[in-house]
Amino acid sequence: MSDSAVLAAPISGPVPRIALVGNPNCGKTALFNALTGARQKVANYPGVTVERKVGELLSPAGARVQLIDLPGTYSLRARSPDEEVTRDVVLGRFEHESPPDVMVCVADATNLRLHLRLVLELKKLGRPIILALNMMDVAEARGCRVDASALSAALGVPVVPTVAIKRTGVVGLLDQIDRSMMVMAGDGPPAPCGWSEPSARDLRAYHQEVEAVLAAALRDAGKPSLATQRIDAALLHPAIGLPFLFLVLFLMFQAVFAWAALPMDMIDGALGWVQAAAGAALPDGMLKSLITDGIIAGVGSVVIFLPQILVLFLFILILESTGYMARAAFLLDRLMGGVGLHGRAFIPLLSSFACAVPGIMAARTIENRADRLATIMIAPLMTCSARLPVYTLIIAAFVPERTVAGGMIGLQGLVMFTLYAAGILSALAVAFVLKRTIFKGAREPLLMELPAYRLPSPRDILIGLLERARIFLARAGTVIFAIMILLWFLGTFPGAPDGATGPAIDYSFAGMLGHALAPLLAPIGFTWQIAIALVPGMAAREVAVAALGTVYALSETGDALSGSLSGVLAADWSLPTALSLLAWFVFAPQCVSTLSVVKRETNSWFWMLVMIAYMTLLAYGAAFVTFRLSSALLGG
């Protein structure tokens, strides 16, 4: 049957599933974005916390296709939980997942020798395979010449050259997907799986076959990237590398404040207008209080921080897409080794700046169990984006907006950087103790591939930011929304008794809880309103800000009610109390999501309870010392 004939036939039946498989850093995610655009969803595989990216596309033949982006792997032997998911999905072993109908193996054209072994292993599965020969522009720029036709003949699979970040070759790849699905439909059931765990003899055979394929298809191996070599000579220099890395991180935290100021002011103004309009339109009563004091004041207190979250992720996405993230791990390997951590621990720890959940999940790339557990236990000490609203709120209320060092450095950004540094240093100190007590063992050397430097794709960066914005707003619109309604109810009922002189919240369920906890938290300078906010803050740290917004909206009257939350806090709290709360949140006990991931990743309640205990003790101790010292020095 000719290709034109099969393309003319309609595709029917269940939605075909195409899996993208490949080594790390081969451009697989860029190809996934190029094929699906914004039509993608990120979730977890059922039963495990490995991220599952699924998108949809419409093929040239009119077929709706489900595309799965599997975690990167060098082999189906699977040495980490991520790689186990990829292996089990393509082998059809994964519960709740049928095996993919067609596999698109993405290979870096500049490094075929490393990537071809996975292609040879996938061929043994007996399912249709397409090889997407990616990064062809980089390969050609280096003088590397690959004969795609000869490569296809040597491997026995279709080969499509692509440049994913420029969408080059995407149309040809879609055409080939249609052909492969039609051929699959005409051939009937797939051939039996011939893959098994390779022995040492099998590995040698794979190596010999890779060399034979290269001899047939690689016309010129080209030369390594001269630009990458020159940049690495500077950025990996023993005297320049680490200072440059710390400069990048410092600028990142400065930008979180400086770049986000204008859009935050715009969101704040819009929320204030909405709150005032709702207050004017609604009659006095419970509904008005719920909407203005509960929902708008609570949820709005969190939504306002969206610009800062996006600035933080913008830097992280650029560092990842340029290839500098792997260099950062290499640079910090010696520093990590000083406290006994594996160099690969840097990537989970850096990911934890965005959120501890993916950071803990990223620790799966560390094969040694003791190193992996140590990394998981300290990852939540990195300052996640959920802490950002708390830090920003308190800094804006108590740190003046002025510059230091001759006008070169913003004081608020400097305080923010100090808080981040405190989290990093405390994580290293805890790791030092853990690696010399509970997790003793020889440290394994760092072995990792340093990809060539690349210009980031604006389209991929935009898709990544939109996805993070969607996740943040969905969280504000679901979890935080529900908690704020519950908190409004607890802060409103039962009403104040006849003759009461204080705000109604003093006599509410939330007020009773706050006053009950107040004696326990008084030694660290916390008020009963802070005590109320800490309880829902266990669900998610940013909820503490929303809770403060609702609590003070229900507590204040007159001019105080109309002021911003930071202004209300500046008038109500002492500086030692504010500093104590910042110290608390540097070590704050984890949110529910993080704790559940720790339990799942360690497969143990024990380590989750250990994390709660040690972080609570650290948080209380740090807040106590901070409050007592600052009270003695500053008064309050």
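This is a predicted model: local features need pLDDT of at least 70, side-chain atom pairs count only at pLDDT 80 or more; totals for chains, interfaces and linings use all residues.
Residues are numbered from 1 along each chain as its sequence is written, and side-chain values use heavy atoms, with hydrogens and water left out.

Me: What area is buried between domain 1 and domain 2?
Reply: The chain is divided into domain 1 (17-220) and domain 2 (225-322 + 457-492), with bounds from an automatic or database domain assignment. The contact (heavy atoms within 4.5 Å) takes 9 residues from domain 1 and 6 residues from domain 2. Buried area is the accessible area (1.4 Å probe) that two parts lose on being put together, summed over both. Carbon and sulfur atoms give 48% of the total, which is about 690 Å².

Me: Which element gives the most to the side of domain 1 that touches domain 2?
Reply: Helices (H or I, at least four residues) and strands (E, at least two) are DSSP runs, numbered from the N terminus. On this side of domain 1, α2 (28-36) and β2 (40-44) each supply at least two residues. With 3 residues, the element that gives the most is α2.

Me: How many salt bridges does the rule find across the interface of domain 1 and domain 2?
Reply: A salt bridge is a side-chain nitrogen of Lys or Arg within 4 Å of a carboxyl oxygen of Asp or Glu. By this rule the count comes to 13. Across the interface of domain 1 and domain 2 the number found is 0.

Me: Which residue meets R327 in a salt bridge?
Reply: R327 lies in helix α14 (residues 324-331), and its partner, 95 residues apart from it, lies in helix α9. Both residues are buried, where buried means under 20% relative accessible area, exposed over 50% and partly exposed in between (1.4 Å probe, protein chains only). At 3.1 Å, N to O, the partner is D232.

Me: Is E467 buried or exposed?
Reply: E467 forms a salt bridge with R470, the closest N and O atoms being 2.7 Å apart. Both lie in helix α21 (residues 458-492), 3 residues apart, about one turn of the helix. R470 is partly exposed, with a relative accessible area of 43%. E467 has 11% relative accessibility and therefore counts as buried.
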